[in-house]
Amino acid sequence: MGDQTKATTQDRWGSKIAFIMAAVGFAVGFGNVWRFPSLAYEYGGGAFFIPYIMALLFIGIPLVTLEVSLGQYHQTGDVGVFGSIHRRLKGVGLGSVIAAWVLVTYYAPLIAWVINAFFDSFRNAAIWEDSTGSEAYAYFLDEIIGEKTLGADYLPTRMVWANVGYIAVTWFVVWLCLAWGIEATGKVTYFTMGLPAILIFVFLGRAVSLPGASDGINTYIGEWDMSVLVNQPECWSRAVSQIFFSVGVTVFSPLGSYCPRDGPAFQNSIIISVCNSLFSFIAGFAVFAGLGYLAYEEGVELDKVAVSGPSLLFGAYPVVLAMLPGGIHWVRLLFFTLFLLGIDSAFALTDAVVTVTADSVPGANLSRKQIVSGWCVLGFLVGLYRKSREFILKQLDSISEIKSIAPADGGFYVYIDLGEELVCREKGLGSTEMCRMLLEEKGVIISGCDSIGIMWRWIRHLPTYFSE
């Protein structure tokens, strides 16, 4: 089926806002709450924002623009996008889809643990109200994840049936969000992304009103240790990896494929990228204000409480919330918020696989419900294989480091450059001419075809765009 024919039959988002909410919902996840604030704390406080903002401007926004534009123009997922550049590049798109699928099969058990913790808080509220952060996190590992069932060789000895059920619930919710088409999915995102956006301000407002909050906020952004930019050069790669953590998995092409072909790709990409970073920034205030309160109550320095990694999100911060009036309800609200953040990312990652399947020859004979059902059942079965270990949490916490060298993510520009060169050689065009062709003939804003071109064209078009 040709591109033009497909453009007239492709399922569509109900509105521009629905697309933006879905894309932001994918980008915003657990890493925005636990990883970004801890990186700022580890690398010079406010000084970390310098490499982070540079990574956002020169990598994040151009990358999202590129992906949305390609998916929007070709009206297909990653395999079709790369195949349209050159038939031999379909494997690059397939690698991207595989990366998304592997990630969601790790992500689903984490969501299941959050659901487990939510319901467990109704049975064992005291563990969050009467424990230290380290004790609460140990409980999370042993009772929620099920590490106490591991043998001496640290391998599973039996099924943790509660988590089996919650993994099933997770995939059933993903199925509900995707099975009825992309327009219905867009409506779901008003709740799954809209409510967490409201709740993060609720957590922020409550946290900043607590004694000791100012000390936590000062640690987060008030101190600017500029020496880390030179003495700890890894802070630059960490900033880039945090951007990849949110927007590095190429799901924006399939999400963009459901937009009209002449839609405002550049504008949407800026909104998506900036909203993702703003959520991280605001979450950092809420988290560190709460940690400042915890340090104040315990009479210790802030560096004596957990300020990074899973122990922050599933240990220290719930304990902080449990210390407030009506504390256990705040803990439950936190877990509910985390569930919404996680499920957004899960169904966006799954949709990347569903889109490619639907665009394939075998998928053309299947309904969307059949495709979604097949992948969700497979995801559930793979989730049973994932071992009940803290290893998954650590792997998710560092997965962006892997993504920085993965062909489907960090190497994305390399393959785009390769595809561009193949096409340009056939047409006898240079890089600049190729970009001009995309801009003038295809009606889709693509701010460059290689990394330098993306940076320069984005900066050059910025004043013109906002003056329109």
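**Legends for close-up views**

**View A.** Y385 is exposed at a relative accessible area of 59% (exposed means over 50%, buried under 20%, and partly exposed in between, with a 1.4 Å probe and protein chains only). The model shown is predicted, so local features need pLDDT of at least 70 and side-chain atom pairs count only at pLDDT 80 or more, while totals for chains, interfaces and linings use all residues. Residues are numbered from 1 along each chain as its sequence is written, and side-chain values use heavy atoms, with hydrogens and water left out. Y385 belongs to helix α19, residues 368-385 (helices are DSSP runs of H or I with at least four residues, strands are runs of E with at least two, and both are numbered from the N terminus). Between the C-alpha atoms of Y385 and T105 the distance is 9.7 Å, although 280 residues separate the two in sequence.

**View B.** A nonpolar patch on the surface is formed by L94, I98 and V102. Together these residues have about 250 Å² of accessible area (from the Shrake-Rupley method with a 1.4 Å probe; for residues, only the protein chains shown count as cover). Patches are made of residues with over 30% relative accessible area and no salt bridge, joining nonpolar side chains (Val, Leu, Ile, Met, Phe, Trp, Tyr) within 5 Å and like charges within 9 Å. V102 sits in helix α6, which covers residues 90-123. With a relative accessibility of 37%, V102 counts as partly exposed.

**View C.** D120 and R123 form a salt bridge (a side-chain nitrogen of Lys or Arg within 4 Å of a carboxyl oxygen of Asp or Glu). Their closest N and O atoms are 3.4 Å apart. The two residues are three apart in helix α6, so about one helical turn separates them. D120 counts as buried at 6% relative accessibility, whereas R123 is exposed at 53%.

**View D.** A salt bridge joins D351 and R368. Here the closest N and O atoms lie 3.0 Å apart. D351 is in helix α18 and R368 in helix α19, so the pair ties together parts that are 17 residues apart in sequence. D351 is buried, its relative accessible area being 1%. In total, the structure holds two salt bridges.

**View E.** Of its 13 lining residues, V33, I200, F203, L334 and T337 are the closest to its centre. On a 1 Å grid over the protein atoms alone, a cavity is a set of points where a 1.4 Å probe fits but cannot get out, and lining residues have an atom within 4 Å of a point. Grid points are joined across faces, edges and corners, and the volume is the space filled by probe spheres set on the points. Helices α11 (194-208), α16 (265-298) and α18 (327-359) each give at least two residues to the lining of this cavity. The lining divides into 12 nonpolar residues, one polar and no charged (Ala, Val, Leu, Ile, Met, Phe, Trp, Tyr, Cys and Pro count as nonpolar, Asp, Glu, Lys and Arg as charged, and the others, Gly among them, as polar). The whole structure has four cavities of 30 Å³ or more.

**View F.** Q75 has a positive phi, near 55°, and is not a glycine. Most residues other than glycine have a negative phi. Q75 is placed in the loop between α4 (49-74) and α5 (78-85). With a relative accessible area of 0%, Q75 is buried.

**View G.** L89 lies in the loop that runs between α5 and α6. L89 is buried, at a relative accessible area of 4%. The C-alpha atoms of L89 and V79 are 8.1 Å apart, and the two residues are 10 apart in sequence.

**View H.** S246 and A27 are 219 residues apart in sequence, yet their C-alpha atoms are 4.6 Å apart in space. S246 is found in helix α14, residues 234-247. At 2% relative accessibility, S246 counts as buried.

**View I.** E147 is in the loop between α8 (133-145) and α9 (161-178). Its relative accessibility is 12%, so E147 counts as buried.

Notes. 1 Å grid on protein atoms, 1.4 Å probe; cavity = no way out; pocket = protein on both sides within 12 Å on 5 of 7 lines; lining within 4 Å.
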